[in-house]
Amino acid sequence: MSRSVKKLTGLVAATFTPLTAEGEINLSVIGPYIDYLIEKQNIKSVFINGTTGEGSSLSVEERKQLAGAWCQYGRGKLEQVIVHVGCLSIKDCQELARHAASIGADGIAVTSPSYFKPINADALKLFIKEVSIFAPDLPMYYYHLPSMTGVAFDAADVLNGIEQVIPSFQGVKYTGTDLRDLGQCVSYSQSHNWSVLFGVDEQLLGALVLGAHGAVGSTYNYFGRVVNQMLAAFDDGNHMQARALQFESMEIITFAKNLGFDVAVNKQVMSEVSGLAMGPPRLPLLPCPVLKAQAIAQKIKDFSQGH
């Protein structure tokens, strides 16, 4: 990889994909969305077309259009736009990687294929390598998501030796709850100056203690400002304040989970909190009852106003 890389740290919003009432992508929302993240949530980096963005339910062409819009409207405003390019087909991954490089994205990420699954970590490394070749100057991140992909071998095994086959490799988005494996990822990444970003929002503080460099998550879209306060408290050594903020965010997410907190609900919550029209989810996800989203949104608003 020829260009210098700015290390990915801090909070990264896993963005929603705005859709019209008819279910088509709505690019007109992207500009105001970026302004909202920066001005209201102090979030300056995004991870697009991932789980929160319903990336697997979008066509390759739709994903290209979204990536183009985020890079275009984010230029000069956002610090980093990371484009998730994971697909079942390696050809689609490669085309999305090539496209991300052509539009000036700051990095790409890939999940494991989840239908025909890699048999071991070496097979997954080879898959990631063959995608990275199509964007050799972009930082490549492995998106570890065993709950969705069904690929459960350790992320640390994927990282081990990956720099020997993928020169552009720069880290992992770790969305799992195995702190032993996460710790080994952090330990291995230290000598390479890679980023380890945690993806389970309600457990972020535990990951910070282990040395995670930041987090990628959906809830940072609408209470990133408060979670940034938690990061600052942790960095300042004020662990009691950091714990208090983590406990409060846990209460909100527990409240939401008790009501059924899937991507569709989360998307409607974002609309209610931000005032931006995120639109419905795409099938097979079903629209969220508005009253449910409003109840969660009110909890979030109360939480945010208190800080």
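1. A quick term before we start: two strands count as paired if DSSP finds at least two bridges between them. With that in hand, have a look at strand 5, where Tyr 142 is the bridge partner of Val 110. Keep in mind that this is a predicted model.

2. Zooming out, strand 4 (residues 107-110) and strand 5 (residues 140-144) run parallel and share 3 bridges. Helix 4 (residues 121-132) packs on the sheet and touches both strand 4 and strand 5. The direction of helix 4 makes about 140° with that of strand 5.

3. The whole sheet is a closed barrel: 8 strands, in the order 1-2-3-4-5-6-7-8, with parallel pairing. On average, neighbouring strands are turned by 25° against each other, ignoring direction.

4. Now the annotated spot. An unreviewed UniProt entry marks Tyr 143 and Lys 173 as "active site". They are spread over 31 residues of sequence, yet they cluster in space, with a largest C-alpha distance of 4.7 Å. Of this set, Lys 173 is part of the lining of the largest cavity.

5. Tyr 143 sits in strand 5. Its relative accessible area is 3%, so Tyr 143 counts as buried, the cut-off being under 20%. Among the residues that Tyr 143 touches are Phe 47, His 84, Val 110 and Lys 173. The side chains of Tyr 143 and Thr 51 also make a polar contact of 2.8 Å.

6. Lys 173 belongs to strand 6 (residues 169-174). Lys 173 is buried too, because its relative accessible area is 7%. Its contacts include Phe 47, Tyr 142, Tyr 143 and Val 216.

Terms used. Residues are numbered from 1 along each chain as its sequence is written. This is a predicted model: local features need pLDDT of at least 70, side-chain atom pairs count only at pLDDT 80 or more; totals for chains, interfaces and linings use all residues. Side-chain values use heavy atoms; hydrogens and water are left out. Helices (H or I, at least four residues) and strands (E, at least two) are DSSP runs, numbered from the N terminus. Axes are lines fitted to C-alpha atoms, for helices over the stretch in contact, and angles run from 0 to 180 degrees between N-to-C directions. Contact means heavy atoms within 4.5 Å. UniProt positions are given in the numbering used here, feature names are shortened, and annotations may be inferred rather than shown by experiment. On a 1 Å grid over the protein atoms alone, a cavity is a set of points where a 1.4 Å probe fits but cannot get out, and a pocket is an open set with protein on both sides within 12 Å along at least five of seven lines; lining residues have an atom within 4 Å of a point. Buried means under 20% relative accessible area, exposed over 50%, partly exposed in between (1.4 Å probe, protein chains only). A polar contact is a pair of N or O atoms within 3.5 Å; within protein, one must be able to donate a hydrogen and the other to accept it, and residues adjacent in sequence count only if both atoms are side-chain atoms. Lists of a residue's contacts leave out its neighbours within four places in sequence.
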